[in-house]
Number of protein chains: 2
Amino acid sequence: MDGEIERCGFLFVHEDMVRQVTEKMPEDEKLYDLAELFKVFGDSTRIKILYALFEAELCVCDIAQLLGLTQSAVSHQLRVLKSSRLVKPRKDGKTVFYSLADDHVRTLIAQGMEHIEE
Amino acid sequence: MDGEIERCGFLFVHEDMVRQVTEKMPEDEKLYDLAELFKVFGDSTRIKILYALFEAELCVCDIAQLLGLTQSAVSHQLRVLKSSRLVKPRKDGKTVFYSLADDHVRTLIAQGMEHIEE
DNA sequence: CAAATATATGAACGACTGTTCATATATTAG
DNA sequence: CTAATATATGAACAGTCGTTCATATATTTG
C-alpha cells in the first residue's frame with residue numbers, strides 16, 4: 001500500500017503520485033481551450049502573419065503580398081486569428097487593417113523563440 | 001510614390017510598410033520551427049501530459065492511468081514531446097520516468113492560460 | 001535460459017486542417 | 001444606379017495527425 005504496488009491493467013502504477021496529481025489538474029475544458037489556443041500558433045502561415053503584425057498594422061492585401069499568399073488564404077487565417085482574439089480588425093472604407101490584439105501574443109511568441117534558440 | 005499607390009495584382013498595397021516589415025521578418029526556417037513547437041502544444045492530450053508533469057515526475061503507466069489513455073497512446077505522445085525537448089526521460093530499471101525538460105514549458109503554458117482566462 | 005512486464009514502434013484508419021477556386025458582401029467612385 | 005475593388009466565405013481536395021492494434025525491444029525475476 002505504499003503507492004508503488006497498485007495495478008493498472010497489467011501495469012504497475014505509482015498510485016499516491018497519480019492521486020496527488022489528479023487533484024491538481026485543471027478542468028478538462030480549460031485544458032482543451034489551451035490546446036486550441038496553441039493550435040492557432042501551430043501553423044507557419046499564422047506565425048508569419050503574427051510576426052508581421054509585430055511591426056505594423058497591415059491590411060489583408062499587404063499581408064498577402066508580404067508572405068506571397070492569396071488574399072483568400074490570408075483572409076481565412078485572419079479569421080482564425082481573430083476568433084482566438086489574437087488579432088483585431090480596424091475597418092477604414094473598403095480596407096480592413098489588422099493589428100495584434102494584446103501583448104500575450106508577443107510574450108508567447110518570444111518565449112517560444114527562446115526555446116527554439118537555446 | 002507614397003507607398004499607397006502600388007499595385008499587387010488587382011489590389012492596392014501599402015508598399016513602404018510592406019518593405020519595412022519584410023526586412024524585420026525572421027528567417028523562414030525559424031518561423032517554421034516555431035510553428036512546429038507550438039503545434040506540439042496544440043493537442044489536449046499533450047497539454048494534459050505536460051500539466052501532469054508540472055506536479056511530479058511520472059512513468060508512462062502513471063500518465064496512462066491518470067489520463068485514461070492506452071500505454072501506446074501515451075508513449076507515442078511522449079516521443080513527440082521528447083523530440084521537441086519539452087520532456088526528458090530518466091530510466092530506472094524497466095520503468096521510464098518523465099519530467100519537464102526546462103522552465104520554458106511552464107512559462108509558455110502559464111502565458112497561454114493567461115490569455116484564455118482574460 | 002524462460003516468463004513477466006514496462007515501454008517503444010510501425011502500420012493503418014478516421015478525423016481534422018490549410019489551401020484553392022468560385023463567389024458573395026461591402027464600400028467607394030463615377 | 002453601375003463598375004471597380006477589398007475582404008469574406010463556402011465547398012472540396014490533399015495532406016497531416018492522433019489513436020488503436022499488433023508486435024518488438026529491454027529489463028528483471030526465477
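Glu55(B) belongs to helix α3 of chain B, where helices (H or I, at least four residues) and strands (E, at least two) are DSSP runs numbered from the N terminus. In this predicted model, local features need pLDDT of at least 70 and side-chain atom pairs count only at pLDDT 80 or more, whereas totals for chains, interfaces and linings use all residues. Residues are numbered from 1 along each chain as its sequence is written, and chains are lettered from A and ligands numbered from 1 in the order in which they are written.

Glu55(B) is partly exposed because 14 other C-beta atoms lie within 10 Å; a residue is buried with 20 or more such atoms within 10 Å of its own, exposed with 12 or fewer, and partly exposed in between, C-beta atoms being placed from the backbone. Apart from neighbours within four places in sequence, Glu55(B) is in contact with Gln20(A), Val21(A) and Lys24(A), contact meaning C-beta atoms, placed from the backbone, within 7 Å. Ser99(B), 44 residues from Glu55(B) in sequence, is 9.2 Å away in space, C-alpha to C-alpha.

## The side of chain B that touches chain A

In total, 48 residues of chain B are in contact with 48 residues of chain A. The largest share of this side of chain B, 10 residues, is supplied by α2(B). By class, this side of chain B has 27 nonpolar, 12 polar and 9 charged residues, where Ala, Val, Leu, Ile, Met, Phe, Trp, Tyr, Cys and Pro count as nonpolar, Asp, Glu, Lys and Arg as charged, and the others, Gly among them, as polar.

## Helix α2(B)

Within α2(B), the buried residues are Leu31(B), Asp33(B), Leu34(B), Leu37(B), Phe38(B) and Phe41(B). They lie on the same side of α2(B) because they cover an arc of only 160 degrees around the axis, the arc being that of the directions from the helix axis to the C-beta atoms. The face turned away from this buried side carries the exposed residues Asp28(B) and Glu29(B). The cover over the buried residues of α2(B) includes α2, α3 and α6 of chain A, together with α3 and α6 of chain B.

## Confidence in chain A

Chain A has an average pLDDT of 90, and 90% of the residues score at least 70; pLDDT is the predictor's confidence in each residue, from 0 to 100. Over residues 1–8 of chain A, pLDDT stays under 50, and the model has 12 contacts beyond four places in sequence for this stretch.

How values were computed:
Two residues are in contact if their C-beta atoms, placed from the backbone, lie within 7 Å.
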